[in-house]
Amino acid sequence: MNSPLLRVKDLTIDIPVGGGTLNAVRGIDFDLNRGETLCIVGESGSGKSLTSLALMGLLGGRIKRTATQMDFDGIDLTKANNKTMRALRGDRMAMIFQEPMTSLNPAFTIGNQLMEALLLHRNVGKDAARARAVELLEKVGITAAESRLSQYPHQLSGGLRQRVMIAMALMCEPELIIADEPTTALDVTIQAQILRLLVDLGREMNMAMILITHDLGVVARVADKVAVMYAGELVETGSAEQVFNAPMHPYTRGLLRCIPQPGKTERGARLGTIPGIVPNLVGGVTGCPFRTRCDQAVAACRDAIPHRKPAENHRFRCVHETGHQTAEAAV
Amino acid sequence: MSTTDTNQPVLELRNVSKTYTVKQGMFGKPKPLKAINDVSLSLKRGEVLGLVGESGCGKSTLAKILLGLEDPTKGEVRVDGEVIGATDRRTLARRIQPIFQDPYSSLNPRKSIEDIISLPLRVHNIGDSNSQDKAVREILDIVGLPQRVMRTYPSQMSGGQRQRVAIARALIMKPEIVICDEPTSALDVSVQSQILNLLNDLRAEFNLTYLFISHDLAVVEHLATRVAVMYLGRIVEESSVGGLFDTSGHPYTQALLKSVLTPEAGKGVPDTELGMEYPNPIAPPSGCHFHPRCPMAMTHCATIPPRPVPTAEGHVECHLFDGENGHDAGAPLVREGV
């Protein structure tokens, strides 16, 4: 029980493109215990969705994934073949996608899609699968669950569809759930309800969860562990308290300055910004990928960037020991 | 901060309703859907009205009516005191311009940025090609884009740059009112703050009036001077931004405010106490439309529609605030078991 459910070391994802290789994810490490929630936060193109697909073994054939270690409960995922992965997916690890409109099959009923995973992975009959589907729909707060089974996705609202997606992921009581922007397309009120539901169910079933999002509010409220991703690297990891109350990396601090915080940001005042754009990741990336946009950048940012550990479980990568430029370096 | 140089509202809606007729199923009877139900609003020059509510509440229909893309079924919209509908679409377009949510689908991919921004000038026959060219260069400067983007196409630009193009296109007509329909929700956090800063600067510089539609209450609180909360086609509360966010009244407003996830670690996800379902707008609940989801609902909320009660800075439509003044129905304020 002491070894983590998921341990990832030096995960790298390369995508061959016209002009060379896109180094989309470069050497990221994290681990996750049972019952824990890890939030990976980052902007579009930072590689957070690719990371989740890599864990599930769902990357396209041309995309190259390497890792020195990628263990799921003792199973070495780097060596797992398609058959092993198929047996894991939907059973012991499941995924919830962002767009319930496009990730549910419009041609099959809700019931059909809910029961599929259970019938495939477990030795159960249709009646038992049906009963389990109804049980889970009720658990995710859907009323008249029995009658919903014969409905098609287009007959449900966005919030309901996302609940169906969650119920579907939970059918086999997975040990790991990966949710990629599960509430981005929803109203704020529904978002709060769905997140509460996920957190409660996770606790109840002792599930580990990886939540991928760009919404810092969601991260702060849901995460046990936070990983801030920028241009394919984890620039800062730590507990939610560490990352939000004592952010070390200039990128994390910059992101937190960008959002208006009720009660803290003066109404109508200028918000912080991060000027510039993300670097091109095609062809070797050296040094700190954030240096072109960073207000603390110095010449040394072009070289290898050390890993720093300001506190237990809190890590960040920066040439500056405190994440801030010191007086002498500024001269 | 907001200028009140004149008391004449620049934009006014008087008892505006919009009813669509929808058929349910192939042989279903057509039924009326009240997308906007007797809405009155007024906006002074330089104000920013934040319009918030869940999807399906009628926010976007309201925006379409203001842009002249839909005609109201009842009521009238006045711009500078003039009823629109009487003025033609072209005149209206000079005064009110939109900025839409998705900068990926609202710019024509086959037109250069110069063509996109200058199109309104060409449609309205303003100036010759030289002065149009000059106007485009000026507006690019204002929205913070380099001159060289004129010859590029939308596909060569990032999301933030595209939204700047959309803003430039809206402002080149020198409108008085800009309807911003979720202008930053498709953008990354670091880009969102740049666009919000830009919108704020432009408002101050050109004394613009914004209708700012958003579901992000933190953004609305930051940018707006007034806020209107919409539920099933009605404005259930309207107030100054301070009045609404500091001392909100309507239970629905409170639920919306509760559901804002501020980035504070360890606080957990709030319980909105809203129940699960947004009601079907074709068959809205009786009495107060909000009563089935309301944690404060009383017995008469199910039967008697609330009337607008004036408050210090706007109005609120809720029986909770109509008690002392003697509700004409005389129903007792008895709490139903919550």
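**Reading helices, strands and a chain contact**

Guide: In this predicted model, helix 4 of chain A passes helix 5 of chain A in a right-handed crossing. Residues are numbered from 1 along each chain as written, with chains lettered from A and ligands numbered from 1 in written order. Local features need pLDDT of at least 70 and side-chain atom pairs 80 or more, while totals for chains, interfaces and linings use all residues.

Visitor: At what angle do the axes of helix 4 and helix 5 of chain A cross?

Guide: Axes are lines fitted to C-alpha atoms, for helices over the stretch in contact, with angles from 0 to 180 degrees between N-to-C directions. Here they cross at roughly 120 degrees and come within 9 Å. That makes helix 4 of chain A oblique to helix 5 of chain A (under 35 degrees is roughly parallel, over 145 roughly antiparallel, 65 to 115 roughly perpendicular, the rest oblique).

Visitor: Which residues make the contact?

Guide: Contact means C-beta atoms, placed from the backbone, within 7 Å. Among them are A:Leu114 of helix 4 and A:Ala129 of helix 5.

Visitor: How many bridges link strand 1 and strand 2 of chain B?

Guide: Strands pair if DSSP finds at least two bridges between them. These two have 10, in the antiparallel sense; B:Lys23 partners B:Pro30 of strand 2. In their hairpin, B:Gly25 takes a positive phi near 80 degrees.

Key. Helix = DSSP H or I, 4+ residues; strand = E, 2+ residues; numbered from the N terminus. Left-handed = near helix turned anticlockwise from the far one by under 90°. Contact = placed C-beta atoms within 7 Å.
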